Amino acid sequence: MALPQSDLFAARHLGPRDLDQAAMLRQIGAGSLEELMDQTVPPAIRLKRPLELPAPLPEHEYLAHIRQIASMNQVAKCYIGLGYHSTVVPAVIRRNILENPGWYTQYTPYQAEIAQGRLEALLNFQTAISDLTGMEIANASLLDEGTAAAEAMLMFFHEANKRKVERTVFWVEDHCLPQTIEVVRTRAEPLGIEVKVAALEQIAPDGRSFGVLLQYPGQDGQIRDPHAAIAQAHDAGAFVAMACDLLALALLKAPGELGADVALGSAQRFGVPMGFGGPHAAFFATTSAFKRSLPGRIIGVSVDRHGKAALRMALQTREQHIRREKATSNICTAQALLAIMSGMYAAYHGEHGIRGIATRVHQAAIRLEASLTAMGFEQHNSAFFDTLRIGPGRAGNNLEKLAERAAEAGINFRYFQNGDVGISLHEAVTEVDLSEIVRIFHDARQRDADPLLAAAPVSARVLDKLTRQSRFLTHPVFSSYHSETEMMRYIKRLENRDLSLAHSMIALGSCTMKLNSAVELEPVSWPEFGSLHPFAPESQTAGYRQMILALENYLCEITRFSACSLQPNSGAQGEYAGLMVIRAYHQDRGDQHRTMVLIPSSAHGTNPASAVMAGLEVVVVSCDELGNIEVEDLRAKAITHRDRLAGLMVTYPSTHGVYESAIAEVCEIVHENGGLVYMDGANMNAQVGLTSPAHIGADVCHLNLHKTFAIPHGGGGPGMGPICVNDKLAPYLPGHPLVATGGEKAIGPVNAAPWGSASILLISYAYIRLLGGQGCTDASRVAILNANYLASRLADYYPVLYRGENGRVAHEFILDTRVFKASGVEVEDVAKRLIDYGFHAPTMSFPVAGTIMIEPTESESKEELDRFCDAMIAIRAEIQEVADGRVDAHDNPLKNAPHTLEEVTADTWNHGYSRTQAAQPLSWIRERKFWPYVARIDNSYGDRNLVCTCPPMSDYAEPATAEAEAMV
């Protein structure tokens, strides 16, 4: 007999205990959890069989299982380069940020008053990038270097064509990273952009050209002088982007000093593991002329209502959720956690330390060059930073044996098609490593003399005209925390300013802020997963490939589709990939005219933005007063556009928080008129085990692994957005130029790495293996229970805007706060007042302006749900006091929220309500109080006076409006 399992993970992951669930079911009037599912999920789309997933593993058994998989990976010494390098992750940063739930369970900092820590950390990152690139403004990170290059192309394209002169040619230097070139081509094709790849000296922009992309240094390691190419492009009216090695910029002249319009690249070398491709923070910096078209998020300086300096996300009207189909980018997230790590790496080392690391790497390359050329090999790069390109040389040395000898020694080089060998050195290289490389080359020549490592170099091998003279990282933040003690305290000080899941429930609708279990995250830091290069030989990555294949199969079982691509590294990238495979399917059938997509008015802003990027025209479908798609409006528009219809984008359950009973009919209408159905997987947490996209009638869906499958949000990234497809779309799944992946008719890559941010796939793999089929299903069931429980408790105080046919909500629901506007109370007042009660606000004004959308997830206990309800009910009483005129309409706890410790403990108190009412309105708050670091922030001030780099330290210390203005 098998031993019974005594400690299954589901009991740790699901919040309500059995007795709690019974009490909650009584509150909402359901006899059982299954009865609630029957009342909530339309019977026509319920699955007929349970999920066929492996049996759940207890935590200790899972760790043993994943250890065995990790042992199948071989951690070689890696000198491949190509945009990925070994790095030294300072333990103080790894331990206190990457592995710390106080950092990785934070949400995107839309509620800036309780996000000042990560906002400062991201501002540090922006400042470091602006300094090193010589640019005026940088964003808070993008997804990877390849997509950053594509974003530069799109920004240039839209900016150039504002001039009413059609410019459709984009030049790319042939020494750009191969994966970058292909991502750029993928993005360009549906928009009618012609990509011309040419050698630097052959790039010839003319009146049809709008931009140029250069690599600095080139992917082969050669540093080429870009002065002439930049001048030529500008003379032709084109813009120039330079893809840069961030560490090399410590020694090389900054792109801004060279006249480039954009500098971009990966910050992976600044203290982030390779992770088999990610996640890493891409950087993107430009001139102030592009500040309103810059993709991604920008952290800026503003003031709070007391005049104290405060940080916030600036210029948010640029973002796709505002601009929708008029957006020039579909960027919805970033790589915040990794950008924070890279920014802290810069602060930990400072200018002197970064320059020292870069110098050491460069000197190692010079010594290696001298050693190999002394043996008769030829080194082709006349100017280089860290990368050598070695040829056979004068003695006709045979390099064919080299790969065999290197593999025996556990070393990975890059091998060019012509037989040359590439060696990219890195921060972690040692004297022993260099000697080992020399020995391998010596043995490949079969010479008797002992190999010698050359002595320390005398001069650098960088072109004089490209040698950096300017300083960088001069702000005090980069010179104040060089001891581990000071860095530890600085990280903790910033962490304490931010509310995360370590403090309380974050009930953000459409965000699924569930438990990110420690056991799920633990293997991500193991070197067997973190230290692998994405282009390492297949024989060294067997563990990763086994895990990836298994995860693909699990996701196909959950969605009931037949194929999966794990390449898209965000939800928006998944949307784009899904639409691109639909587009490829139609084109392959000769239906190039199918270029129109139907999108409900309730859709997330990334949907229309992604559609436009895929070269599709958007037609909006109306929703009725119950929040459902207007089926007849959909039918009429599908018939009207049937010759052009490419597909439908639909979220299920809808963004209104209901299971639409007509969803199968909606899919049929689209299919009958020649289109395909893309399902947005943002709300998959209400589908798993209960229904599925394929069962409903979709052809492709993307999954937000950072929502449904437990990857943490990291304060605004990382995320993963894989797509699952049916048989007809499987041939078109995205490929990659360097690693075999995708379908036989694959579209180009949508991201730089073959499997996106591969290291965090481990988290979703763990989630499924720990829960098993029944546990994953129960997670959906309890998520629905928790949402209905909250809706039931709050319905007497706030109108629930939308419900399903049986009066139930899905896993999230919308409360209508517009009814309080007549009393002068806005939705923002409710959101900010929740901070005083210790909670992050739910999603504001999406999908309906003036409302809040609440999603509790399955991980929250009944006790936490009740605390949230008590807070919302108390706030409703405060609203009533305003409405009744019992408190001042302008001086009340709602309008002045949130209240800081500094304000509440000040000598003077000039409000018409007590300090206790301000800061501790309910008794239980006393023992779990979270204090916001700043009061309510003036958003418009920050946009009028845009500052996106670190202000002087004195401006943080002196909370006066005049001094805050002096920062500008």
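Me: New to this one, so let's start with β2. Which strand do two bridges join to β2, and how do the two run?
Reply: That's β8, residues 282-286; two bridges join β2 to β8, and the pair runs antiparallel. Keep in mind that this is a predicted model.

Me: OK, and what is the bridge partner of Ile137 in β8?
Reply: Thr286 is the partner of Ile137 there.

Me: What sheet do these strands form, and in what order?
Reply: An open sheet of seven strands, ordered β2-β8-β7-β6-β5-β3-β4, with mixed pairing. The edges are β2 (137-138) and β4 (194-198); each has a single partner strand, so one side of each has no neighbour in the sheet.

Me: Which strands does helix α8 touch?
Reply: Helix α8, residues 145-160, packs on the sheet and touches β3, β5, β6, β7 and β8. Its direction makes about 160° with that of β7.

Me: And where does α10 lie?
Reply: Helix α10 (residues 227-235) lies across β5 and β6, at about 150° to β6.

Me: Back to the loop between β7 and β8. What's up with Phe276?
Reply: Phe276 sits in that loop. Its phi is near 60°, which is positive, and this is a residue other than glycine.

Me: Switching topic: how do the axes of α2 and α27 cross?
Reply: At roughly 40°, and the axes come within 10 Å; α2 is residues 18-28 and α27 is residues 862-883. That angle makes α2 oblique to α27.

Me: Which residues make the contact?
Reply: Asp20, Ala23 and Met24 from α2, with Lys862, Glu863 and Leu865 from α27. By class, that contact has three nonpolar and three charged residues, and no polar ones.

Me: What about pockets: what volume does the second largest pocket have?
Reply: About 780 Å³. The lining of this second largest pocket has 42 residues, and nearest its centre are Leu98, Pro273, Val524, Ser525 and Gly530.

Me: Which elements give two or more residues to that lining?
Reply: For the second largest pocket, they are β1 (77-78), α5 (91-98), α13 (336-374), α17 (518-521) and α18 (527-530).

Me: How do the lining residues divide?
Reply: The lining of the second largest pocket has 26 nonpolar, 10 polar and six charged residues.

How values were computed:
Residues are numbered from 1 along each chain as its sequence is written. This is a predicted model: local features need pLDDT of at least 70, side-chain atom pairs count only at pLDDT 80 or more; totals for chains, interfaces and linings use all residues. Side-chain values use heavy atoms; hydrogens and water are left out. Two strands pair if DSSP finds at least two bridges between them. Helices (H or I, at least four residues) and strands (E, at least two) are DSSP runs, numbered from the N terminus. Contact means heavy atoms within 4.5 Å. Axes are lines fitted to C-alpha atoms, for helices over the stretch in contact, and angles run from 0 to 180 degrees between N-to-C directions. Angles under 35 degrees count as roughly parallel, over 145 as roughly antiparallel, 65 to 115 as roughly perpendicular and the rest as oblique. Ala, Val, Leu, Ile, Met, Phe, Trp, Tyr, Cys and Pro count as nonpolar, Asp, Glu, Lys and Arg as charged, and the others, Gly among them, as polar. On a 1 Å grid over the protein atoms alone, a cavity is a set of points where a 1.4 Å probe fits but cannot get out, and a pocket is an open set with protein on both sides within 12 Å along at least five of seven lines; lining residues have an atom within 4 Å of a point. Grid points are joined across faces, edges and corners, and a volume is the space filled by probe spheres set on the points.
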